[in-house]
Amino acid sequence: MSYVCLQQEGICDIAQFLQKAKSNNYDCIATSINANMLPMDPIESDPTYPATVLNAFEWNTNVILQLSDVDVDSPNTKLREYSKAMILRDIQWAEHLQINGCVMVRLRGPKNDNLAEIIKQRTKGYWFIRVPITNPEIATFDHRKDATETEINAAKKVDPWSWWNNLRFATNHDGKVKVVLELNDLDRPSHETVRRWLGEPIESIIIPSSLFELNYSNFYVMEKEWRIIIGHFISMRVKIIISTNPTDKAICQYSNYVKKLIKDNSDIHNLYKYENLLEIPLQPLFHDLDTYTYEIFEKDPVKYKLYQNAIQQALLDRVSDEEAKTKLTVLMVLGGGRGPLARAAFNAAEITKRKVRVYIIEKNPSAIRTLSNMVKTLWSNKDVHIFSKDMRDFAAPELADILVSELLGSFGDNELSPECLDGALKLMKDDGISIPCKSTSYINPIMSAVVHNNICQASSAKRFHCGYVVLLKNVYDIDEPKTLFEFKHPNRDNVVDNTRYKELSFTVQKDCVIHGIGGYFDTVLYKDIILSINPLTHTQGMFSWFPMFFPTQPRTVLAGDTISIKFWRCVDPHKVWYEWQLSAPVEGELHNVDGVGYNMRL
């Protein structure tokens with residue numbers, strides 16, 4: 001649920017505050033759980049108030065409760081024990097008010113072991129951990145004339161992200177612990193700092209009212225640099241908390257302005273429900289696809305147009321204008337599905353005015369029924385022939401001039417295109433053309449706490465030995481993708497070997513956590529016609545493939561560290577599988593040994 005929340009301190013009446021927020025275009029409020037209201041109990045040390053000031057729905061959907069700002073990790077024993085008692089009392093009251101609500105607590109520094117233990121003991125609701133995006137001490141130097149250069153440099157080295165990271169590991173990466181990131185108008189974060197936070201489980205960002213300034217028309221606006229930063233977070237579906245003082249008269253302008261920012265920066269698309277969702281890769285060679293899956297692929301507005309362009313160019317290169325009326329091109333579609341590649345072939349032939357005979361080879365008997373109907377209703381005047389066969393076992397009536405296939409998965413070869421196309425080599429003339437003619441896989445180390453938490457929630461004991469297809473949304477690319485494996489078609493080597501091994505090294509730009517390995521591919525269809533899901537060269541508008549994600553156990557890495565990753569593609573008579581291992585800065589576990597968690601059946 002998206003929201004814009006109003007946060008104010010020193011609130012005396014929560015019900016009135018909520019009404020004020022609603023009337024000024026806010027969706028909810030964040031306020032201290034110890035509001036300065038007349039307590040039920042006459043004892044002054046118990047600043048509670050009756051639960052009936054709001055109804056149950058309002059408590060659960062309209063209020064974020066801020067716990068007492070005390071230090072449960074204080075080195076002072078008395079203060080530490082007092083603080084713990086305060087927090088536990090707050091939690092008891094919060095759990096009475098909310099079924100699965102949210103409590104917010106501020107991180108005060110790098111030591112949070114006691115807070116972590118309290119978090120682990122609480123079973124209801126979410127913890128919102130309030131973290132400054134940069135060291136708040138830096139902002140104080142604007143008002144201090146006595147600050148030395150040594151003090152300033154030391155403060156700049158303090159990274160509050162490390163405070164959060166320590167807490168995250170201390171709470172065992174609990175998915176109910178989320179970040180509330182606090183911006184500071186006196187210290188704008190760097191681009192890399194923002195990018196790193198995008199890989200964290202951010203619930204919301206706190207925008208102080210001091211980020212707003214009056215323009216010439218007497219309206220409150222933000223500087224362009226801040227709009228860009230906030231826009232990055234909005235695109236990740238992060239919520240907004242606006243922090244003001246209780247006497248601020250411009251709160252309605254703030255909310256209207258932020259809601260306009262949300263509208264302008266929201267990354268809305270038809271596939272948003274797949275973001276960070278784990279999917280097991282398809283195995284179309286072993287399993288027959290259903291019509292729902294076919295339909296999703298066919299809706300891609302880009303892929304089949306580029307396939308058509310590739311076939312057009314191949315036809316023009318193979319058949320001159322003088323031969324156009326007499327020379328026949330034999331074209332085989334390997335894996336016809338429900339006909340999109342055959343349709344692209346016929347369109348290409350019509351545009352180029354070249355003669356084609358099309359053989360469609362498809363092993364899925366249910367897809368054959370649809371293809372047969374298409375031949376009768378759409379292609380009755382075409383030279384087209386359908387065969388219900390596995391391409392590796394097909395005996396062609398004649399050899400093909402052009403083989404066209406779409407056997408590529410999210411990692412290029414993970415749907416066994418090398419094995420399939422090697423088996424289909426016997427169907428092609430010696431000078432035949434394969435579309436595609438090359439595929440290349442890429443990997444890079446990534447941080448994504450959200451995807452990691454999703455994997456931890458999976459029921460399989462082998463969940464860290466699987467490769468997943470994931471529309472990566474909340475992700476920080478630790479370094480850019482690098483080339484891993486390459487396959488060329490047709491492969492006419494005397495000895496065909498589709499096993500692969502490579503070790504790649506990457507440089508850490510900023511302290512972070514590696515949660516796994518991102519996997520991508522690109523493919524050359526023909527000449528310079530390329531399809532790509534590599535983030536650096538992604539084909540615009542194409543959504544047929546999401547990236548792969550190969551999990552590792554989370555490990556903190558530091559700026560300047562070298563991350564080395566070993567990756568294998570293994571083959572035996574029955575299956576193909578990947579193995580992967582983090583080999584630096586320290587050696588990690590070897591994942592998916594012998595395909596124990598994930599393999600592709602031949």
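A search of the whole structure turns up zero disulfides, a disulfide being a pair of cysteine sulfur atoms within 2.5 Å. Cys-12, for one, is in no disulfide, and the nearest cysteine sulfur, that of Cys-5, is 18 Å away. Cys-252 is also without a disulfide, and the nearest cysteine sulfur to Cys-252 is that of Cys-5, 15 Å away. Cys-12 counts as partly exposed because its relative accessibility is 48%, and Cys-252 is partly exposed at 29%. On this scale, buried means under 20% relative accessible area, exposed means over 50%, and partly exposed lies in between (1.4 Å probe, protein chains only).

A word on the basis of all this: the model is predicted, so local features need pLDDT of at least 70 and side-chain atom pairs count only at pLDDT 80 or more, while totals for chains, interfaces and linings use all residues. Residues are numbered from 1 along each chain as its sequence is written, and side-chain values use heavy atoms, with hydrogens and water left out.

Helices (H or I, at least four residues) and strands (E, at least two) are DSSP runs, numbered from the N terminus. Strand β2 (residues 28-32) is mostly covered, with five of its five residues buried. Strand β1 (residues 4-7) runs parallel to β2, and three bridges join them; two strands pair if DSSP finds at least two bridges between them. Gln-7 stands opposite Ala-30 in β2. From β1 the chain passes through helix α1 (residues 14-23) to β2, a β-α-β crossover that is right-handed. That term applies if, with the strands pointing away from the viewer, the path from the first strand over the helix to the second runs clockwise. β2 also pairs with strand β3 (residues 63-66), in the parallel sense and over four bridges. Here Ile-29 has Val-63 in β3 as its bridge partner.

Rolling a probe the size of a water molecule over the atoms shows where empty space is left. On a 1 Å grid over the protein atoms alone, a cavity is a set of points where a 1.4 Å probe fits but cannot get out, and a pocket is an open set with protein on both sides within 12 Å along at least five of seven lines; lining residues have an atom within 4 Å of a point. Grid points are joined across faces, edges and corners, and a volume is the space filled by probe spheres set on the points. By this rule there are three cavities of 30 Å³ or more.

| Space | Volume |
|---|---|
| Largest cavity | about 490 Å³ |
| Second largest cavity | about 70 Å³ |
| Largest pocket | about 1,100 Å³ |

The largest pocket is lined by 39 residues, and the closest to its centre are Leu-471, Leu-472, His-538, Phe-546 and Pro-547. α11 gives the most to this pocket lining, with three residues.

The largest cavity has 31 lining residues, of which Pro-284, Leu-289, Gly-335, Glu-406 and Leu-407 lie nearest its centre.

Residues lining the second largest cavity include Trp-164, Arg-168, His-452 and His-515. α16 gives the most to that lining, with three residues.
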